[in-house]
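Okay, folks, I've got one structure for you today. Let me put it up, and then we'll walk through it piece by piece.

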Amino acid sequence: MSFQPKLDARRLSAADIARRKGADPLVCLTAYTAPMAAILDPVCDVLLVGDSLGMVVHGLPNTLGVTLEMMILHGQAVVRGSGHALVVVDMPFGSYEAAPETAFDNAVRILRETGAGAVKLESGPQMAATVAYLTQRGVPVMGHVGLRPQAVLSEGGFKAKGRTQAERERVLAEAEATVEAGAFALVIEGVAEPLAAEITRRVKIPTIGIGASSACDGQVLVTDDMLGLFEWTPKFVRRYADLRSAVIEAATTFAADVRARRFPGEAEIYFPAKAE
Ligand code: KIV
């Protein structure tokens, strides 16, 4: 089995992405493996090695069990498989909250050991000092506000944000604190269009929405969701393919071939008939 990464002359940098504010919408998808990264790379500006990989790839109930080692391993694979898009690796729960210095050490491990161009972390006023510490020391940071999946325990679930005025002000404050601290781009998750539009209008860096309307400067989706690999997907996700059905169909056909002993010619590949 092999994949053919398409290598562009120059990979997009965090600075290139920052310059796209208000210009061509940013195309961003998650990737966790080298072959998928190679497929998505030519059409994406950003490949996000999201900690969603805990749920999507490893079957965890949420992202809290994801470790730095898991992120580094998948980050390495995605960088190997791509050559054009900026690769951004999520900082997992517990790797950046305790102190800016710890966050810096872990971010440096991610960048150094994977070759990725930036890290992402769930941000807001409480993380502003950390984002500033990282960005002032050469670590490009993508922020993530609104619905923050790593807050699942303290919030009692994955809840859309911005239904009340107090909540809208909280998300706006998260966005502004992240931008002032030096982030180059901002994921906005699970907020209604007026709030996404207001954040996008107010901040000077590109916003990348997920379940946050088309008012953002770009969009990100979990690739496995949009490919239709799961029985259930969040309501805002359009399924651009139905790979679950395709996989079931392929596996069922394979099983039928196996049971019918229908594999003509395979033996000849390994044991070609000797010329007499
Ligand atoms: O982990 C992830 O995949 C993400 C995206 C959903 C934005 O953070």
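So, leucine 47: its bridge partner in strand 3 is valine 87. That pair belongs to the contact between strand 2, residues 46-49, and strand 3, where four bridges join the two and they run parallel. When I say strands pair, I mean DSSP finds at least two bridges between them. Strands are DSSP runs of E with at least two residues, helices are runs of H or I with at least four residues, and both are numbered from the N terminus.

Before I go on, a word on what you're looking at: this is a predicted model, local features need pLDDT of at least 70, side-chain atom pairs count only at pLDDT 80 or more, and totals for chains, interfaces and linings use all residues. Residues are numbered from 1 along each chain as its sequence is written, and side-chain values use heavy atoms, with hydrogens and water left out.

What do the eight of them make? They close into a barrel in the order 1-2-3-4-5-6-7-8, with parallel pairing. Neighbouring strands of this sheet are turned by 25° against each other on average, ignoring direction. Helix 5 packs on the sheet, touching strand 3 and strand 4 (118-122), and its direction makes about 145° with that of strand 4. Axes here are lines fitted to C-alpha atoms, for helices over the stretch in contact, and angles run from 0 to 180 degrees between N-to-C directions. Contact, or touching, means heavy atoms within 4.5 Å.

Now the loop between strand 3 (86-90) and helix 5 (100-114), which is where proline 92 is placed. Is proline 92 buried or exposed? Buried, with a relative accessible area of 1%. The cut-offs are under 20% for buried, over 50% for exposed, and partly exposed in between, with a 1.4 Å probe and protein chains only. Leaving out residues up to four places away in sequence, proline 92 touches Val66, Thr67, Leu68, Met71 and Gln150. Its C-alpha is 23 Å from that of glycine 218, which is 126 residues away along the chain.

Histidine 74 is next, and you'll find it in helix 4, residues 68-81. At 11% relative accessibility histidine 74 counts as buried.

Most residues other than glycine have a negative phi. Serine 213 isn't a glycine, yet its phi is positive, about 75°. Serine 213 is in the loop between strand 7 (207-210) and strand 8 (218-221), and at 24% relative accessible area it is partly exposed. Arginine 261 also has a positive phi, near 50°. Arginine 261 is in the loop between helix 11 (243-259) and helix 12 (266-270), and at 77% relative accessibility it counts as exposed.

Last, the whole chain. Its secondary structure comes to twelve helices and eight strands. The C-alpha trace spans about 80 × 35 × 35 Å along its principal axes. Of the 276 residues, 50% count as buried. And for contacts between residues at least 6 apart in sequence, 58% join residues at least 24 apart.
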